[in-house]
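Let's take a friendly walk through this structure together. Have a look at the sequence and the 3D view first, and then read on.

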Amino acid sequence: TAVQPGFLSVLDVDAPVAMPTSPTTESSGRRLALASWIGRADNPLTPRVIVNRVWQQHFGQGIVKSVNDFGHLGELPSHPELLDWLALQFVDSGWSLKHLHKLILMSNTWRQSSDHPDASVYEQRDPTESLLWRSRVRRLSAEQIRDAMLCTTGELNQKVGGPSEDGKSMRRALYIKSFRNTPDELLHAFDKANGLKSEPQRNRTTTATQSLLMINGAFTIERAEAFADRLTAGNESSPAQAIDAAFRLAWGRLPDEGERQQALDFVGSRADSASLAAGQDRWIDFCHVLLNSNEFLYVD
């Protein structure tokens, strides 16, 4: 007997919900009917799942931690009313992801600092930091680390689309080929997904291999050299201006007086432009330090 298409049924397995289809000469219409059923206006689960994944992307952890499991075996939401409200806002906006991102990023919760005056007290009440009382410190993902280095050095090729390329390419990590037996050294060390199975949340390991790779790895050293070349070949007329540019490019801010003086003491503080080209090795080491810093690798 031919099995007719139908939707999932839990309470009455003997009477599955029929799937109304609109077949054409080119399609059976079954996939369209399934998509319409999943995304129908009265389905409460789909918008919650989407909203939760977007929230996880921005905060490092979903309102429901088990983003692949909203069932009885999954985690309970830390803020169920917030999840429901965001899901309703998402549906009312016409399922606009742009609206959802804007809503989250303009919230006071997103704009919190990781530095909280009562952190020691709140950590006792909420050791897992699930209640959103401060920003959660998190490391950049493997792809973000690689792309951030290339962006800082000015080497990033922002071409969109096209075929994938090997690891020597200056394109975003999204376009780098992934080989199971010969993974990219940097991306693999920082927990890149293997691409063979669904991973609802990235692993966040911290190993000595990562530090050694950032210090001695060929890719990182080459980026430090390119960063130094960008600084010494730029429009800065003095070491102090080049140092300010380096901090702004790598850390997104200017150095304080102590940091600026330490950097000047290291690279040389002669106020003439010739000193920028002199001692190139020191500039490379200085740039290498910036790329290895926690302020570069972590979001707080």
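**Pockets, a helix and one valine**

The second largest pocket holds about 420 Å³ of space. A pocket here is an open set of points on a 1 Å grid over the protein atoms alone, where a 1.4 Å probe fits, with protein on both sides within 12 Å along at least five of seven lines, and its lining residues have an atom within 4 Å of a point. Grid points are joined across faces, edges and corners, and the volume is the space filled by probe spheres set on the points. This is a predicted model, in which local features need pLDDT of at least 70 and side-chain atom pairs count only at pLDDT 80 or more, while totals for chains, interfaces and linings use all residues. Residues are numbered from 1 along each chain as its sequence is written, and side-chain values use heavy atoms, leaving out hydrogens and water.

Around this second largest pocket there are 19 lining residues, and Pro183, His188, Lys192, Ala193 and Asn194 lie nearest its centre. By class, its lining has six nonpolar, six polar and seven charged residues. In this scheme Ala, Val, Leu, Ile, Met, Phe, Trp, Tyr, Cys and Pro are nonpolar, Asp, Glu, Lys and Arg are charged, and the others, Gly among them, are polar.

Now turn to the largest pocket, with a volume of about 720 Å³. It is lined by 21 residues, and Gln56, Gln57, Ser141, Arg202 and Arg204 are the closest to its centre. The lining divides into five nonpolar, eight polar and eight charged residues. Helix 2 (45–59) gives the most, with four residues. Helices (H or I, at least four residues) and strands (E, at least two) are DSSP runs, numbered from the N terminus.

Helix 2 also contains valine 51. Is this residue buried or exposed? Valine 51 is buried, with a relative accessible area of 0%; buried means under 20%, exposed over 50% and partly exposed in between, using a 1.4 Å probe and protein chains only. Beyond its neighbours within four places in sequence, valine 51 is in contact (heavy atoms within 4.5 Å) with Leu83, Leu86, Ala87, Phe90 and Leu100.

Finally, find helix 8 (residues 208–216), where Gln210, Leu213 and Met214 are buried. These residues are on the same side of helix 8 because they cover an arc of only 95° around the axis, taken from the directions from the helix axis to the C-beta atoms. The face turned away from that buried side carries the exposed residues Ala208, Thr209, Leu212 and Asn216.
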